[in-house]
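Me: Hi! Could you walk me through the strands in this one?

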Amino acid sequence: MSDQAAAEYRIEDLAHHSGATVRTIRAYQDRGLLPKPERRGRSNVYRDTHLARLRQVADLLDRGYTLASIKELLEAWDAGRGLGGVLGLVAEVHGPWTDEEPARVSRAELDERFGGTSDDAAVNEACELGVLERIPGRPEEFLVPSPQELTVAAELYAAGVPLPAVTGHLRELRGQVEHIASRFLEFTTEHVFARYLGQVPPTDADAAEAAALVRRLRPLAQQTVDAELARAMRLFATRHLQRHLGADGAPQASGPAAVALPAETVRAVQELVGAEHVGEFVRAATERELQARTMNDLAQRGTRRGPAGSDR
């Protein structure tokens, strides 16, 4: 490689500077993603334009684009249509969808927050779920993409929820939330973004306008979910409370209620009056008891008032 402004690379040098393998570079050439190198004798010579293109492809792959869609984008770039608006849209979509800042936590802090004992299986599962991310070269330290999510898990554990139940709940919840996100994107694509996606890749103007809409619509999904979750929690929490309080003997709605009699009592009544008269006997005995209590209550009131209705 020369030290001049227009640097030159052998394919091995290009692989070293770009991070791609020699095999990948050749595959990109075959797919038309990379311009052909200059042939000099028996060697191929690559330049800074090749290095820049490899980095561009790697960035778009990281953002989730397929090689086929990357080829279309790069062909548009080479045709002079520009990628500024498209890359701006890509950056907007891949930008943060929350104001929450990631944090770091040590293994000792994790152990302290979750019972004070070391649990390798729980840590591995948290990493699998993305609640924690391992930091290369720092085995005792983790990145926490969402400190709020980790705090919720710690609070549930402190309240008595076992860790397997916490992670199981998160897996179930994640599937439901991903469905909501997918439906929101389908909805907004159909009614908002479809007009910008008719041309692939979109023009700079269309891409820039779509990026501005992404910025405007970004908070709507979370606001909608927050509002609906609050409504559902209010509704179902009230129902749960009523049901559990009712089971513990809270006042019930007025009206007749079934009363279970001890089996020994039922057998004794059957022997006394016959099985066919049990219900009638119980009703009569109940009415008699109520009448007796009423008469006793009236007599006690009269005793308290004294003769001729005068108070003592």
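Predicted model: local features only at pLDDT ≥ 70, side-chain atom pairs only at ≥ 80, totals over all residues.

Me: Great. How many bridges join strand E2 to E3?
Reply: Strand E2 (residues 38–40) is joined to E3 by 3 bridges, and the two run antiparallel. Strands here are DSSP runs (E, at least two residues), numbered from the N terminus, and two strands pair if DSSP finds at least two bridges between them.

Me: And which residue in E3 is the bridge partner of arginine 40?
Reply: That is serine 43. E2 and E3 form a hairpin with 2 residues between them, and glycine 41 in the turn has a positive phi of about 65 degrees.

Me: What about strand E1, how many bridges join it to E3?
Reply: 2 bridges link E1 (residues 8–9) with E3 (residues 43–47), again antiparallel. Glutamate 8 has arginine 47 as its bridge partner in E3.

Me: Switching topic: what is the strand order in the open sheet?
Reply: Its 3 strands go E4-E6-E5, with antiparallel pairing. E4 (103–106) and E5 (133–135) are the edge strands, each pairing on one side only.

Me: Which residue in E6 is the bridge partner of isoleucine 135?
Reply: Arginine 138. Altogether, 3 bridges join E5 to E6 (residues 138–144), and these strands run antiparallel.

Note on methods:
Residues numbered from 1 in each chain as written. Heavy atoms only, no water. Helix = DSSP H or I, 4+ residues; strand = E, 2+ residues; numbered from the N terminus.
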